[in-house]
Amino acid sequence: MDDKILAEEGLTDYERLYREFKLEVPEYYNFGFDVIDKWANDRTKLALVSLDRSARKAHFHTFYELSYLSNRFVNVLISLGIRKGERVLVILESIPEWYIVMIGMFKVGVVPMPGTV
């Protein structure tokens, strides 16, 4: 990248930036707990907008709904004997339940193999 572009973006010393850059990665991170459940504390916070097949009617889903429904799916997985580290294939249409299933799998710690129809 030339110096003019770097200066425009507030970067004057690429080498220093590269050398000093540190990515803070938590030791333990779970998207289901650390994002969905955390944001679910505000029961009105919008997470997902989906459309019906006609694309005329919108459905609004909050983080609270995704948290609650994904927790229910966690119970389904556990009742089936599925445990952390196992691989699970899910094939669903691109519908809100697909997200619920994926979030539930993240919470259990399984390795999701997502697919859509």
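Modeller: Before we start, contact here means heavy atoms within 4.5 Å. And keep in mind that we're looking at a predicted model.

Colleague: Fine. Leaving aside its neighbours within four places in sequence, which residues is Ser70 in contact with?

Modeller: Ser70 sits in helix H4, residues 63–79. Skip its neighbours within four places in sequence, and the residues in contact with Ser70 are Ile100, Ile103, Gly104 and Lys107.

Colleague: Which side chain makes a polar contact with the side chain of Ser70?

Modeller: Ser70 is buried, its relative accessible area being 0%. Its side chain still has a polar contact, at 2.9 Å, and the partner is the side chain of Lys107.

Colleague: What arc do the buried residues of H4 cover around the axis?

Modeller: The buried set in H4 is Phe63, Leu66, Ser67, Ser70, Val74 and Leu77. They lie on the same side of H4, because the arc they cover around the axis is only 95°.

Colleague: And which exposed residues does the face turned away from that buried side carry?

Modeller: Among the elements covering the buried residues are helix H3 (31–39), strand S1 (46–51), strand S2 (58–62) and helix H5 (96–108). The face of H4 turned away from the buried side carries exposed Arg72, Asn75 and Ser79.

Colleague: How far apart are the end C-alpha atoms of H4?

Modeller: With 17 residues at 1.5 Å a residue, H4 should span 24 Å. The model agrees, since the end C-alpha atoms are apart by 24 Å.

Note on methods. Residues numbered from 1 in each chain as written. Predicted model: local features only at pLDDT ≥ 70, side-chain atom pairs only at ≥ 80, totals over all residues. Heavy atoms only, no water. Helix = DSSP H or I, 4+ residues; strand = E, 2+ residues; numbered from the N terminus. Buried < 20%, exposed > 50% of the residue type's maximum accessible area, 1.4 Å probe, protein only. Polar contact = N/O pair within 3.5 Å; in protein donor to acceptor, adjacent residues only side chain to side chain. Expected span 1.5 Å × (residues − 1). Arc of directions from axis to C-beta.
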